[in-house]
Each structure stands twice: as structure tokens, then as C-alpha cells.
Amino acid sequence: MSQAPIRVGILGCGTVGSALVKLIRDETAAVKDRTGVDLTVTRVAVRNLSTDRGIDFEPGVLTRDPRALVEDPEVDVVVETMGGIEPARQLILAALEAGKPVVTANKELVANCGAELFEAAGRNSVDIQFEAAVGGGIPLIRVLRESLVGERIITMMGIVNGTTNYILTKMTEDGAAYAEVLADAQQLGYAEADPTADVEGHDAGAKAAIMATIAFGSSVVPGDVHQEGISRISSEDIEAARRLDHVIKLLAIVEQADGKVSARVHPAIVPLTHPLASVRDSFNAVFVRGEAVDDLMLYGRGAGGAPTASAMFGDLIEAAANLQRGTHIELGHLEAADVTPIDETSSAFYVPLDVVDEPGVLAAVATIFGRNGVSIGSMEQQGQGDNARILLITHVAREADMQATIAELKDLDAVLRVGNLIRVIGS
Ligand SMILES: NC(=O)c1ccc[n+]([C@@H]2O[C@H](COP(=O)([O-])OP(=O)(O)OC[C@H]3O[C@@H](n4cnc5c(N)ncnc54)[C@H](OP(=O)(O)O)[C@@H]3O)[C@@H](O)[C@H]2O)c1
């Protein structure tokens, strides 16, 4: 027996929303043949009714009233592509309370209010799906929730921000300075006019919070994530990494050990032999290490209208199928995670020091490292006289011990400048 079409209401019709409307229109017949799910878009809410979106809507489909869309009896499933916390949060909660499944790509909202939204979905026995909120077009949430549901995830490391990966790739491959590449990226539309959320690691921080929440089953919010961006990375740092056969990447890292979760975003020096080193331009990837599965990596387009809409379309088809079957995905109640502060995490560090070129300097530097329990893995001297520079790479050390070392080095007369401390990952 043929089922009635599932009626879809879409909040927002910008980059992602318009790509999703087109995908639904182009692929609905094929999807119906493959899955039995028939979708039709009945309402679309926007701010400006006269904007040309390259789509012909039937009269009455476009509305400026998002609340009326959510409450409309001719909407069975709500898709949110508006962005921001409010009014998206209120609208999604209203849809869930009305028993309507929700699909969203809103990383800011899911990262900050995930536990509240999952609870409301569970209470009302409907789906909330958010595949596109972390990796854009990269399937990650469903892989964690289904394929890896029995896996003990040890760590996940992601390049989850396309803008910063594009900037670092250009700095590495063209030898260009950060400010120059950022200006080009803004001109080309790869970076926002205000790039702060991308370049200071806040966008990646929201994604790290969602990754940790889903991978480890306890609520991690952006405030739990240590966030450092790439604005301090210089051409000198890029060149030093290159000479060591490494590249610099902005990584979102989530880990679980002894029941505690750590989540952080920072630039990292990654060996060229690591799979994440080959992720170039605006591409994204998430590297997962599990107890049984060992290493795996998911790679693709982390943003863009069509890739993001592809992930949302998958969510929408699953949510519609679940609604027809009277089932839903159970995300469960999430307790706040026990979070390890950055000071208690460990990694290896790259430390560049400008020093005076005189006898005893190396010994004085080494003494400070030793006193703080940080062991030096390799040390190289570059230049002489006024240009003398020592490049050190430590063995794995506690963050707090490394910071204490840096504080002491800054007080040493023979050290003229402590350069950028960069963590070394994946060696
Ligand atoms: N763009 C990407 O590559 C990407 C990737 C992954 C996830 N996402 C997420 O997807 C979401 C949407 O991103 P986007 O790039 O598509 O944004 P966008 O191009 O700015 O589109 C936002 C849409 O929402 C509508 N809107 C905003 N506030 C509204 C309100 N109060 N009432 C009615 N309509 C409202 C806008 O209407 P008007 O058009 O009339 O202004 C517009 O159509 C965000 O949560 C974003 O984080 C985006």
C-alpha cells in the first residue's frame, strides 16, 4: 500500500536551505523508488519574501512566519537551516513538543543546547537529527551512532574548519603570510568579513563539543573545549614544521580516559606521514581511533550548500521513514561530562627560542626543562650571533609542566624571545 507523502517544512532558505529544496525536488522520485519514502516541501520560512533563490515556489509555500510553519498541520517534519541559537531553539522545541521530527545543521545550537533538545525529542518519541552540524557533507554522526555504536572510542582528531585549513594550506604551499592569505580568502568568499569564529577556533570548538558528546555519551559544551586559533601562526612556524617533514593543521581533538573527557582545538604540528597531513584546501576530515577498530578516517566537504544539504537529506529520509514506522532514534539522557582541564592533558611540544650565542646557554635551557619534568626529544641550533635560535621538540609532557617551563624560560637572561609553542600530534 502506497504511503501518503511526508510533508516537509523548512526554516530558512539560504545557502543550505535552497540547496536542500533543490535536492528534494530533483531526487524525491528516485528516493521513493529506493526507500518508499515520498517527500514534499509544503512550507519554507524566510525573512525576505522577495529574494531570488533560484527556485519557483507554489503560491503559499513561502512564509515570513516561522512559528506558523512549525504549527502548520500540513507540516509533518521540520528542517531548520536558519542558524543561530534563538529563535531556532524555541522553534525546534515547539516542533518536538508537537511530535514533529526535526533535522538541523545548526552546530552552534546543537553544541550549546544539545542535551535539552535530545531530552525533548526523547520525551516526545521523535527524532532530532544533526548529521551536517559537525562535518558538513561528511557522514560522521551516523557512523558513530550506528557503525561504531559498540566501539570504545579512544580519540577523535578532526580538521573540521574549511576556512582555516584553506589558509594553512596556502601558507604552506605558497609561502604566503597569514594576513595576506586571509585577505585573499575573504575576497574569494572562503572567509567571512569577520573571520573570528573560524580563525580563533570557535567554530571548530562547537564541532568538538558535539563530537565528544556523541562519541562519549556525556554532554560536552563549547565552554568545556579549550580553544586556540591560527591567527598567531607565522610563516616562520610553517617553515620550521616543513623542515621537520611536518605540516601545521588546526585540530579539534576529543579524548576519553578513565571516565574523563578532554576536548580542545589548537594548531598542531602533524607529521607528513599522518593521514590528516594530506587534507588540503577547504577539505575536512575526522580521524578516529577505537579500541577494536583501530584507526579510520572520514574525509570530504565540510561545508558548502550542496554537501551540507546532502547530509541533511539523508537525515530527512531517515526521520521520515522512522515517522512512518512509528519509531525514533533514542539519544538518551546526557549527564554533564567530567572534563579534564587543558593543564592536565599531555602532548609533545615544539618550542622555538631566540637565544644569545654564548657558552652555557644550552645547559641553562636544558636545566629549566629538566627541573619541570619536561624531557627534550630533539634540539637543533640555527644561526649564530644575534640570530641564534634553538628549536626543541619535547617528549610527551603535561601541559602544566610545559607552561611552567615556558614561564621560567621567559625569565632567563640568555633567552631573548620564546616563539610560538605548538603541540606536536600524531608522531
Ligand atoms: N553554509 C554552510 O556551508 C554550512 C555548513 C554546515 C552547517 N551550516 C549551518 O546551516 C545553517 C544555515 O546556514 P546557511 O549558510 O544556509 O545560512 P544563510 O545562507 O544565512 O541562510 C539562513 C536562512 O535563514 C533565514 N532566516 C534567518 N533568520 C530567520 C528568521 N528569524 N525567520 C525566518 N527566516 C530566517 C534567512 O532568510 P533570508 O534569506 O530571507 O534572509 C535565510 O534564508 C547554520 O546553522 C549553519 O551553521 C552551514
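**Stop 1: a cis proline**

Select Pro 87, which lies in the loop between β4 and α3 (88–97). Helices (H or I, at least four residues) and strands (E, at least two) are DSSP runs, numbered from the N terminus. Check the peptide bond from Glu 86 to Pro 87: the bond is cis, with omega near 10°.

Two notes before moving on. This is a predicted model: local features need pLDDT of at least 70, side-chain atom pairs count only at pLDDT 80 or more, and totals for chains, interfaces and linings use all residues. Residue numbers start from 1 along each chain as its sequence is written.

**Stop 2: the whole chain**

Zoom out. The protein chain has 14 helices and 18 strands. Its radius of gyration is 24 Å, close to the 22 Å that the globule rule gives for 427 residues, so the chain is as compact as a globular protein of that length. That radius is taken over C-alpha atoms, and the rule is 2.2 Å times the number of residues to the power 0.38. Along the principal axes, the C-alpha atoms fill a box of roughly 85 × 45 × 35 Å.

Now colour by domain: domain 1 (6–137 + 305–325), domain 2 (151–301) and domain 3 (342–424). The bounds come from an automatic or database domain assignment.

**Stop 3: the parallel sheet**

Show the six strands of the open sheet, in the order β3-β2-β1-β4-β5-β6, with parallel pairing. Two strands pair if DSSP finds at least two bridges between them. At the edges stand β3 (62–63) and β6 (128–129), each with a single partner strand, so one side of each is left without a neighbour in the sheet.

Select β4 (residues 77–80) and β5 (residues 102–104), which pair over three bridges. Click Val 78: its bridge partner in β5 is Val 102.

**Stop 4: around the ligand**

Which residues come nearest to the ligand? Of the 24 around it, they are Gly 12, Gly 14, Val 16, Gly 83 and Ala 303. Near means a C-beta atom, placed from the backbone, within 6 Å. Helix α1 (residues 15–35) gives the most to this shell, with three residues.

**Stop 5: domain 1 meets domain 2**

The centres of domain 1 and domain 2, taken over C-alpha atoms, are 28 Å apart. The contact takes 13 residues from domain 1 and 15 residues from domain 2. Contact means C-beta atoms, placed from the backbone, within 7 Å. On the domain 1 side, α4 (107–123) and α5 (132–135) are the elements that give two or more residues. The largest share, seven residues, comes from α4.

**Stop 6: the antiparallel strands**

Select β7 (residues 153–159) and β11 (residues 283–290), an antiparallel pair with six bridges. Gly 158 has Val 286 of β11 as its bridge partner. On to β12 (residues 294–301), which pairs with β11 in the antiparallel sense over eight bridges. A hairpin of three residues joins β11 to β12.

Finish at Asp 281, in the loop between β10 (260–271) and β11. Its phi is near 55°, a positive value in a residue other than glycine.

Definitions and conventions. Contact = placed C-beta atoms within 7 Å.
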